[in-house]
Amino acid sequence: MHVIGTVGLPGSGKGEAATVAREHGIPVVTMGDVVRQETADRGLDPTKDHGKVAQALRDENGPTAIAERSLPMIEDRLEDHDTVLVDGLRSGTEVDVFEERFGAAFTLVSIEAPFEMRAERIDDRGRDAGEDDGGEGLAARDERERGFGMDDAMDRADVVVENTDSLEAFHDRIEAIIREGGDAATHRDGDSKSEPEPTPDSVSNTDP
């Protein structure tokens, strides 16, 4: 069993990582979909009111509300698959939920990119309403995400992927993580975040 969680600010590449997982037959549980469904259930517009509903769920049911709603979905998929990717953790408290439930089988991946690059990606995908259309600008979204505790979650990542190269290189990086878990990547300073005891089956990995 292996549960891979992704964390990152809007436009960093979490959705693209989920696409790679699906292409390899790995089911994806998207925490944002939990919020989008709740937004629709409340008769609101998911393209404009997503952030408000995400905050409301946490205010009404506690900071782990969305993570808790995701657990049954993850466990259902683990019945038929060895690996599940959880797209879009937002806080250290959500990390606690998954670490408590899955222990050493949980790997947290932080996907990171500069503000300008993320803004361009969001404009290109055209999924979310911008400020001119009654939605949130990227700076406001970043502030909201950080208010949930995003920085804490990113700091606790087992693996950091700097998504600033080509799409192909990013796909290769995510494929390596899916295939080999946390051992496939390195932390942002170039050194492994943890130093596991070597085993006869250990494989040396380098960044693509």
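Me: Leaving aside its neighbours within four places in sequence, with which residues is Arg144 in contact?
Reply: In this predicted model, Arg144 is found in helix H7, which covers residues 138–148. Once the neighbours within four places in sequence are left aside, the residues in contact with Arg144 are Gly51 and Glu136.

Me: Does Arg144 count as buried or exposed?
Reply: The relative accessibility of Arg144 is 16%, and the cut-off for a buried residue is under 20%. Arg144 therefore counts as buried.

Me: How are H2 and H3 oriented to each other, roughly parallel or roughly perpendicular?
Reply: Helix H2 (residues 31–41) and helix H3 (residues 46–61) pack with their axes 8 Å apart and at an angle of about 105°. Angles from 65 to 115 degrees count as roughly perpendicular. H2 and H3 are therefore roughly perpendicular to each other.

Me: How do the residues of the contact of H2 with H3 divide into nonpolar, polar and charged?
Reply: On the side of H2 the contact is made by Gly32, Val35, Arg36, Glu38, Thr39 and Ala40, and on the side of H3 by Pro46, Asp49, His50, Val53, Ala54 and Leu57. These residues divide into six nonpolar, three polar and three charged.

Me: Which residues are linked with Glu38 in a network of salt bridges?
Reply: Glu38, which counts as buried at 14% relative accessibility, meets the side chain of Arg42 in a salt bridge of 2.8 Å, N to O. Arg69 also forms a salt bridge with Glu38, the closest N and O atoms being 3.2 Å apart, and this pair links distant parts of the chain, with Arg69 in helix H4 and Glu38 in helix H2, 31 residues apart. The residues linked with Glu38 in the network are Arg42, Glu60 and Arg69.

Me: How many residues apart are Glu99 and Arg156?
Reply: Glu99 forms a salt bridge with Arg156, with the closest N and O atoms 3.0 Å apart. Glu99 lies in helix H5 (residues 92–102), whereas Arg156 lies in the loop between helix H8 and E5, and the two are therefore a pair that links distant parts of the chain, their separation being 57 residues.

Me: Against which strands and helix do the buried residues of H9 pack?
Reply: Phe170, His171, Arg173, Ile174, Ala176, Ile177 and Ile178 are buried in H9. The buried residues of H9 pack against strand E1, helix H1, strand E4 and strand E5.

Definitions and conventions
Residues are numbered from 1 along each chain as its sequence is written. This is a predicted model: local features need pLDDT of at least 70, side-chain atom pairs count only at pLDDT 80 or more; totals for chains, interfaces and linings use all residues. Side-chain values use heavy atoms; hydrogens and water are left out. Buried means under 20% relative accessible area, exposed over 50%, partly exposed in between (1.4 Å probe, protein chains only). Helices (H or I, at least four residues) and strands (E, at least two) are DSSP runs, numbered from the N terminus. Contact means heavy atoms within 4.5 Å. Axes are lines fitted to C-alpha atoms, for helices over the stretch in contact, and angles run from 0 to 180 degrees between N-to-C directions. Angles under 35 degrees count as roughly parallel, over 145 as roughly antiparallel, 65 to 115 as roughly perpendicular and the rest as oblique. Ala, Val, Leu, Ile, Met, Phe, Trp, Tyr, Cys and Pro count as nonpolar, Asp, Glu, Lys and Arg as charged, and the others, Gly among them, as polar. A salt bridge is a side-chain nitrogen of Lys or Arg within 4 Å of a carboxyl oxygen of Asp or Glu.
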